[in-house]
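Here is a short tour of a protein model, written for someone who likes cut-offs spelled out. Have a look at the structure first, and then read on.

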Amino acid sequence: MLSRAVVWNWNVMKLDLVDISVEPREYVVDDCSWISAEDDFTVKSFTSTVKVFRRDDSVIQVDGRLSSAIEAQCDRCGRLFTDEVQGSFIYKVIAGEDSSLSVQEREVRDEDIELYYLQGMTLDLAEMLREQLVLTMPEKRLCDQECKGLCVRCGAKLNTEKCGCELEQSDSPFAILKSLKK
Ligand SMILES: [Zn+2]
Ligand SMILES: [Zn+2]
């Protein structure tokens, strides 16, 4: 049987792994107050469902899904935009004294599964979700795949403005050719 818990208070996201058995426990997180101000993005909404269960004596598995609306700055034009990100993840948490090399060697081949070595028996789900949120975000943050960015010469916002720079590009092959002919 699956036991389900809705988590409203971020402080309870520290799980004591001693309590986790082979029966999955599901946590629903619907809160974004835990994102730190240092991040270079703002979380507008965050929802995650996380299933936690014991695989064996030393390994706890965490299966999760997350979806989030983030506000970030476009890498090309600098304007703020909102984007929806979604992802799923699997962690094998190796806790306590048993995090031996043999476990690492055996498990590391499976690339879809992240290994998480834990000192002690308290798992901070907030830390795990933050890591996953960052991994879920595209490497290049663009307000639009077609974003034209800023003109490298005059700084005009090319999505909404036109500048004359393109017309007089002196470093284009044709311009160089022209100057050679002179
Ligand atoms: Zn942009
Ligand atoms: Zn320009």
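## Confidence and overall layout

The pLDDT is the predictor's confidence in each residue, on a scale from 0 to 100. Its mean over the protein is 80, and 73% of the residues reach 70 or more. Where pLDDT is low, the predicted coordinates should not be read in detail.

Residues are numbered from 1 along each chain as its sequence is written, while chains are lettered from A and ligands numbered from 1 in the order in which they are written. As this is a predicted model, local features need pLDDT of at least 70 and side-chain atom pairs count only at pLDDT 80 or more, whereas totals for chains, interfaces and linings use all residues.

The protein has 3 helices and 8 strands, and along the sequence they follow the pattern β-β-β-β-β-β-α-β-β-α-α. Of its 182 residues, 14% count as buried. Here a residue is buried if 20 or more other C-beta atoms lie within 10 Å of its own, exposed if 12 or fewer, and partly exposed in between, with C-beta atoms placed from the backbone. Two residues are in contact if their C-beta atoms, placed from the backbone, lie within 7 Å. Among contacts between residues at least 6 apart in sequence, 56% join residues at least 24 apart.

Two strands pair if DSSP finds at least two bridges between them. S4 and S5 run antiparallel and are joined by 13 bridges, forming a hairpin with 4 residues between the strands. Within this pair, Val-52 stands opposite Val-62 in S5. S5 and S6 also run antiparallel, with 15 bridges joining them; Glu-71 has Thr-82 in S6 as its bridge partner. The hairpin of S5 and S6 has 6 residues between the strands, and Gly-78 takes a positive phi near 85° there.

A nonpolar core is a set of buried Ala, Val, Leu, Ile, Met, Phe, Trp, Tyr and Cys residues joined through C-beta atoms within 7 Å. Which residues of the largest core touch the most other members? Of its 17 residues, they are Val-50, Val-52, Ile-60, Val-62, Val-93 and Leu-125. The elements that give two or more residues to this core are strand S3 (25-29), strand S4 (41-54), strand S5 (59-73), strand S6 (80-95) and helix H2 (125-136). Leaving out residues up to four places away in sequence, Val-52 touches Leu-15, Ile-20, Pro-24, Arg-25, Tyr-27, Ile-60 and Val-62.

Helix H2 has 12 residues and reaches 16 Å from its first C-alpha to its last, close to the 16 Å expected at 1.5 Å a residue; the expected span is 1.5 Å times one less than the number of residues. Its buried residues are Leu-125, Met-128, Leu-129, Gln-132 and Leu-133. They lie on the same side of H2 because they cover an arc of only 135° around the axis, the arc being that of the directions from the helix axis to the C-beta atoms. Val-134 and Leu-135, on the other side of H2, are exposed. The buried residues of H2 pack against strand S2 (14-16), S3, S4, S5, S6 and strand S8 (122-124).

## Some partly exposed residues

Val-85 is in strand S6 and counts as partly exposed because 19 other C-beta atoms lie within 10 Å. Beyond residues up to four places away in sequence, Val-85 touches Ser-68, Ile-70, Thr-136 and Met-137.

Lys-148 sits in the loop between H2 and helix H3 (173-181), and Cys-151 lies in the loop between H2 and H3 too. Lys-148 is partly exposed, with 14 other C-beta atoms within 10 Å, and Cys-151 is partly exposed, with 16. Not counting residues up to four places away in sequence, Lys-148 is in contact with Leu-158 and Asn-159, while Cys-151 touches Ala-156, Leu-158, Cys-163 and Cys-165.

The table lists pairs of residues with their separations.

| Pair | Apart in sequence | C-alpha to C-alpha |
|---|---|---|
| Val-28 and Arg-65 | 37 residues | 9.8 Å |
| Val-85 and Ala-69 | 16 residues | 6.3 Å |
| Lys-148 and Arg-76 | 72 residues | 7.3 Å |
| Cys-151 and Cys-163 | 12 residues | 7.9 Å |
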